[in-house]
Amino acid sequence: MPNFTDVTEFLLVGLTRRQELQVLFFVVFLVVYMVTLLGNIGMIILISISPQLQSPMYFFLSHLSFVDVLFSSNVTPKMLENLLSKTKTISYVGCLIQCYFFIALVHVEVYILAVMAFDRFMAICNPLLYGSKMSRVVCVRLISVPYVYGFSVSLICTLWTYGLYFCGNFEINHFYCADPPLIKIACGGVHIKEYTMIVIAGINFTYSLSVVLISYSLIVVAVLRMRSVDGRKKAFSTCGSHLTAVSMFYGTLIFMYLRRPTEESVEQGKMVAVFYTTVIPMLNPMIYSLRNKDVKEAVIKAVSKVNLRK
């Protein structure tokens, strides 16, 4: 029988063991984190103060920005601390808390992306009914479901993580507490956690992605039936930003969580994790602002108002 030991803390290996690269990584990811905060918080404020952005699409976008701020803040501060620290540790309770919020926010974000796809379907395929069908009450209900579901599922998943046992190897080959590297170093409770992780991730990614794919299939059919070239361009421009965000987020998560945790997959997943925990939250505001005429106009008007007050 394995000799299980009580765990009080874990050692986070981080992105690299090379000391000379850690200061460089600290500077790079500090800049990325600050840009992420400024971009997403700026987007939330812009949507709240701009009359032309008071539509369901931007209501959902503000929540996507809010989740991106929480998502990045759950991982990046600890990563930055460990890059400059000699004792790169995280407490056992802190590890479970990080796992809980990470899993919760991943589920919240994938379902917000699904809700945004449904919103685009309603706007393009049912424009005459859009105002009544996507009322403020309906939007609040639609956005509430991802939060309630995500944090509920995460509680169950974290309890299964709590069921893992360790036999002396407390070194996590990652820069935050994630299920695959934790499973890799555990010596008990592994099979049920590994099985449930793959099944739950598979079900939720498949269901939410199906909503996105079905919505966009119907959107493409509707757009191709449009006679107006300008109408087609406008429809594709509003959908292009969302499709870019969906492709990046789903692609990296599927690569990370729908594979069995092996030494090779954990090492590869660490590099991919950098992308969806730090880069994607930074890019989302840029994607939605650079490719969206309404957001650009709202930014110009907001800047003009500030200049007039001076």
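The model is predicted, with local features needing pLDDT of at least 70 and side-chain atom pairs pLDDT 80 or more, while totals for chains, interfaces and linings use all residues. Residues are numbered from 1 along each chain, and side-chain values use heavy atoms, without hydrogens and water.

**Exercise 1.** Determine the strand order of the open sheet and its edge strands.

*Solution.* Strands are DSSP runs of E with at least two residues, and helices are runs of H or I with at least four. Two strands pair if DSSP finds at least two bridges between them. The three strands have the order 2-1-3, with mixed pairing. Strand 2 (89-91) and strand 3 (171-172) each pair on one side only, which makes them the edge strands. Helix 3 (residues 92-125) packs on this sheet and touches strand 1, strand 2 and strand 3.

**Exercise 2.** Describe how strand 1 is joined to strand 3.

*Solution.* Strand 1 (residues 9-12) and strand 3 run parallel, joined by two bridges. Leucine 12 stands opposite isoleucine 172 in strand 3.

**Exercise 3.** Classify histidine 107 as buried or exposed, and list its contacts.

*Solution.* Histidine 107 lies in helix 3. Its relative accessibility is 6%, so histidine 107 counts as buried. Beyond its neighbours within four places in sequence, histidine 107 is in contact (heavy atoms within 4.5 Å) with Tyr149, Gly150, Val153, Ile200 and Asn204.

Notes:
Axes are lines fitted to C-alpha atoms, for helices over the stretch in contact, and angles run from 0 to 180 degrees between N-to-C directions. Buried means under 20% relative accessible area, exposed over 50%, partly exposed in between (1.4 Å probe, protein chains only).
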